[in-house]
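Reader: I've got a protein model open on my screen, and I'd like to learn how to read it. Could you walk me through it feature by feature?

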Amino acid sequence: FTLTVNVDCMWSAWSACSATCSAGTHSRTRNRLKQHNGMDCVGVTDEDCDSSQPPCNPTAAHTSPVFIDEFSSQALMCSASQFAGLSGGITFGWYRGLEGMEAAVTLNTQVANSTSDDGNGQFTGRLMFVSVSRFDAGSIKCRAFNVNGASQLSSAMLLEVKYAPESVRIGPSRSLLVGVKGSSFTLFCFAAGNPAPTYSWRQPGGKTATGDELQLPPVQFEDGGVYTCVANNTIEAGAKSEEETVVLRIEGPPQKCILISARSYDASEVNVTINCPEDGNSSITEYKVEYRLADTSDWTSRQIFNAANLQPYTLIGLHAYTRYELRATAANKYGYESRDVA
C-alpha cells in the first residue's frame, strides 16, 4: 500500500521595492514546488511595487533656521512628491519636539494648515502663523501622508522668534541704592530679548560704560546720582532698545563743618555754633568741639554735644585772658571726619 500526499506550491514574501520614490519592482520566489496533484503557484515572480509606498521625501522649503519677529506672520513650507504608482493626494501634518517625541502642532485661530497640488504629483504643505509668539519657537517637522496612510517625516526646521528687549532690571533690585564712601559698588543689568541684548550705561557726570556689569571703584560723593542701563538688540524690523534707571546715593561721614564762636577775652566759656552743610547724606548724631592753647600741638581737651539739642552750644572750663584754638567735627552713623579750626 502506497500513500500519496499532494503538496501545494508556496511563494516567498515579496522583496523590498527597488525604488522608494518612483516606479520600481519587487520579486518573489517559489519556496516550495507542487508535488503530485498539489496546487501550482499562480502569478508572476516580478511586478511593480504596490501603492503602500510613502510619499517622496518631504522637505522643508525654508533654510533652517527661519528668523521671524514676534507678532508678525510667517508661513512654513513643506513639499513632497506622490509615488508614481499611486493615485490620490498627499496631506501634511506638523509636529514639534525632540527626536522621537514629536507632538502635533496645535492649530488655532493664529495657525492654519493647507495643502496645494501642482498637478504633476508635487504637493506643498503650508503652515501659516498669523501672529507668531516667542512660544512658537523651536524645532518643527512636517509629515506627508498618502491615501493609504503611509507617511514620511521631514528633517527639522528651526523657527527662531526675535523680540525686542523688555523687562530691563538693574540689581541690586531697589530703585534707590546706597553706597558707602570709599567702598566699591557693582551694578548688574538684565533684560529679556532675542537675540540676547547687549548693554550700555549712562552715569553721572556724562560717563559711559558697556557690559551687563558696571563695577565702580571706591565711590565718592560725586559718584551719586542717576544710573541708566540701556539694553539693545537688532530684530528683523531693525535696532531696538529699552532702558531702566536707578538712583545711587553715596553716604559717609559729614563734610566741611564750619565752627562759629563768640567769646570775650576775659570769659571762661564760649558759645559755639557748628554748621555742616554736607552731612554725608546721613543724619548727624553729635558734634565734638576740641580746643587747645594757641600755638600748641595737642588737642587734649574736648566736649561732646548731642545734635538733638539746640545750638549754640556752650563750651565751658576755659581760662580767662587766654587765647585758644577750637575745631569742630560732626558724626553720623559712619563716624567723624571733617573739621574746622577757629
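Predicted model: local features only at pLDDT ≥ 70, side-chain atom pairs only at ≥ 80, totals over all residues.

Reader: Which elements have the lowest and the highest mean pLDDT?

Author: Strand 28, residues 335–341, has the lowest mean at 67. At the other end, strand 17, residues 198–202, has the highest at 97.

Reader: Good. Now salt bridges: how many are there by the rule used here?

Author: The rule wants a side-chain nitrogen of Lys or Arg within 4 Å of a carboxyl oxygen of Asp or Glu. By that rule the count comes to twelve.

Reader: Show me one. What does glutamate 290 meet?

Author: One partner is arginine 302, with 3.4 Å from N to O. Glutamate 290 sits in strand 24 (residues 286–293) and arginine 302 in strand 25 (residues 301–306), so to speak two distant parts of the chain, twelve residues apart. Glutamate 290 also forms a salt bridge with arginine 327, at 2.8 Å from N to O.

Author: Go by relative accessible area: under 20% is buried, over 50% is exposed, and partly exposed lies in between. Glutamate 290 has 4%, so it counts as buried. Arginine 327 is buried too, with 13%. Arginine 302, at 45%, counts as partly exposed.

Reader: What does arginine 292 meet in a salt bridge?

Author: The side chain of arginine 292 meets that of glutamate 325, at 2.8 Å from N to O. Arginine 292 lies in strand 24 and glutamate 325 in strand 27, so this pair ties together parts that are 33 residues apart in sequence. On the accessibility scale, arginine 292 comes out at 17% and counts as buried. Glutamate 325 is buried as well, with 18%.

Reader: Which residues are linked in a network of salt bridges?

Author: Look for Glu70, Arg134 and Glu166, which are linked in such a network.

Reader: Let's move to the backbone. Where do I find a cis peptide bond?

Author: Glycine 171 and proline 172 are joined by a cis peptide bond, with omega about 0°. Proline 172 is in the loop between strand 14 (157–171) and strand 15 (176–180). Another cis bond runs from asparagine 194 to proline 195, where omega is near 5°. Proline 195 has its place in the loop between strand 16 (185–194) and strand 17.

Reader: And phi? Which residue other than glycine has a positive value?

Author: Aspartate 295 is one of them, with phi near 70°. You'll find aspartate 295 in the loop between strand 24 and strand 25, and it is exposed, with a relative accessible area of 67%. Serine 167 has a positive phi as well, about 55°, although it is not a glycine. Serine 167 lies in strand 14 and is partly exposed at 41%.

Reader: Last one: how do I read a sheet? What is the strand order in the open sheet of three strands?

Author: Read across the strands and note who pairs with whom. The order is 22-23-26, with antiparallel pairing. Strand 22 (258–262) and strand 26 (313–315) are the edge strands, and each pairs on one side only. Direction ignored, neighbouring strands of this sheet are turned by 35° against each other on average.

Reader: How many bridges join strand 23 to strand 26?

Author: Three bridges join strand 23 (residues 270–275) to strand 26, and the two run antiparallel.

Terms used
Residues numbered from 1 in each chain as written. Heavy atoms only, no water. pLDDT = per-residue confidence, 0-100. Helix = DSSP H or I, 4+ residues; strand = E, 2+ residues; numbered from the N terminus. Buried < 20%, exposed > 50% of the residue type's maximum accessible area, 1.4 Å probe, protein only. Pairing = 2+ DSSP bridges. Axes fitted to C-alpha atoms, helices over the stretch in contact; angles between N-to-C directions.
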